[in-house]
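Visitor: Good morning. May we go through this structure together, step by step?

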Amino acid sequence: MLISPTKDNLNKIVILNPKGGCGKSTLATNLAVCYAKRGPAPAIMDFDPQGSTMAWLERRPVGLPTIHGIAAFKKTMQATRSWQLRIPSETRNVIIDSPAGLNHDDLREITRDATTILVPVMPSSMDIHAASRCVADLLLVARVDRNERKLAVVANRTRRNTKSFGKLMRFLDSLGIPIIAVLRDSQNFVHAAEQGIGLHEMQPSRVGPDLQQLDRIASWLDGWAERRKASINVTSIRRQAFSKVSFLRKPQAESS
Ligand SMILES: Nc1ncnc2c1ncn2[C@@H]1O[C@H](COP(=O)(O)OP(=O)(O)OP(=O)(O)O)[C@@H](O)[C@H]1O
Ligand SMILES: [Mg+2]
């Protein structure tokens, strides 16, 4: 059965960074494979008119674990948007691949009911500059609340110990946004993309360190429901504290 993607127990993982070529589709396809191998089948929604993830899905060999694909970039007049974006009812994880060059309206729209947001960043000075704007836009334009801890960065194509990598770490640290994984610059990603597979479907001896990092991302993503619950609790404690303070202040205001 297909349903519209609004149910409560669904992790809606948005992968975005308006900077082109930073690894959004690579991350989307590899995460989809992680979930597919574990089951139930995840869905990938491709919002990029280039259709890279849909093309990857078409290259996917028959017999590998199922990934449900939705070409969200194709708008049709024949069906409502929610009908077009419906997913199988057993799906627990939907991965949204976004296009480069998102404007502010698109950013608000695509992140509106995201439960997690991953920003892949490459550690060159230009990419770091673009990533800082992207994170600022997420916080100020899309109004992502940092207390909800739904936002994280994945450093991609990284050589550790470079100056720019240190700069990226300090910038994110100052915002309290975690870098949950560091992916190597590796031809494994290129070869997997060409074959319509993920690194979890390659020979483990070839991809060991990369798998470790992908598994770190998946295990951080798995904590989405607890993080959401914790942030709802914190918000309600804050509200209660605020209403107590307002209550205590009221008589003073009246007596003056
Ligand atoms: N860690 C990596 N190591 C080596 N190559 C990589 C890595 N990550 C991505 N690539 C390669 O870099 C290129 C761009 O990656 P990808 O298409 O995932 O970026 P993107 O952010 O989706 O781009 P766009 O903004 O155009 O949609 C691809 O050829 C991909 O195979
Ligand atoms: Mg892409």
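Guide: One term comes first: a residue is buried if 20 or more other C-beta atoms lie within 10 Å of its own, exposed if 12 or fewer, and partly exposed in between, with C-beta atoms placed from the backbone. Helices (H or I, at least four residues) and strands (E, at least two) are DSSP runs, numbered from the N terminus. This is a predicted model, in which local features need pLDDT of at least 70, side-chain atom pairs count only at pLDDT 80 or more, and totals for chains, interfaces and linings use all residues. Residues are numbered from 1 along each chain as its sequence is written, while chains are lettered from A and ligands numbered from 1 in the order in which they are written.

Visitor: Which residues of strand 2 are buried on one side, and which on the other?

Guide: Asn 11, Ile 13 and Ile 15 are buried on one side, and Lys 12 and Val 14 are buried on the other. Five of the five residues of strand 2 (residues 11-15) are buried, so the strand is largely enclosed by the rest of the structure.

Visitor: And how many bridges join strand 2 to strand 6?

Guide: Five bridges join these two parallel strands, strand 6 being residues 93-97. Two strands pair if DSSP finds at least two bridges between them. Lys 12 has Val 94 as its bridge partner in strand 6. Strand 2 also pairs in the parallel sense with strand 7 (residues 116-121), over three bridges, and there Ile 15 stands opposite Leu 118.

Visitor: What about the largest nonpolar core, how many residues has it?

Guide: The largest nonpolar core has 54 residues, and Ile 13 and Ile 15 are among those with the most contacts inside it. Helix 1 gives the largest share of this core, eight residues. Such a core is a set of buried Ala, Val, Leu, Ile, Met, Phe, Trp, Tyr and Cys residues joined through C-beta atoms within 7 Å.

Visitor: New topic: where is Pro 40?

Guide: Pro 40 lies in the loop between helix 1 and strand 3 (43-46). A cis peptide bond joins Gly 39 to Pro 40, with omega about -5°.

Visitor: Is Arg 143 buried or exposed?

Guide: Arg 143 counts as exposed because it has 10 C-beta neighbours inside 10 Å. Its place is in the loop between helix 5 (125-140) and strand 8. Although Arg 143 is not a glycine, it has a positive phi of about 55°.
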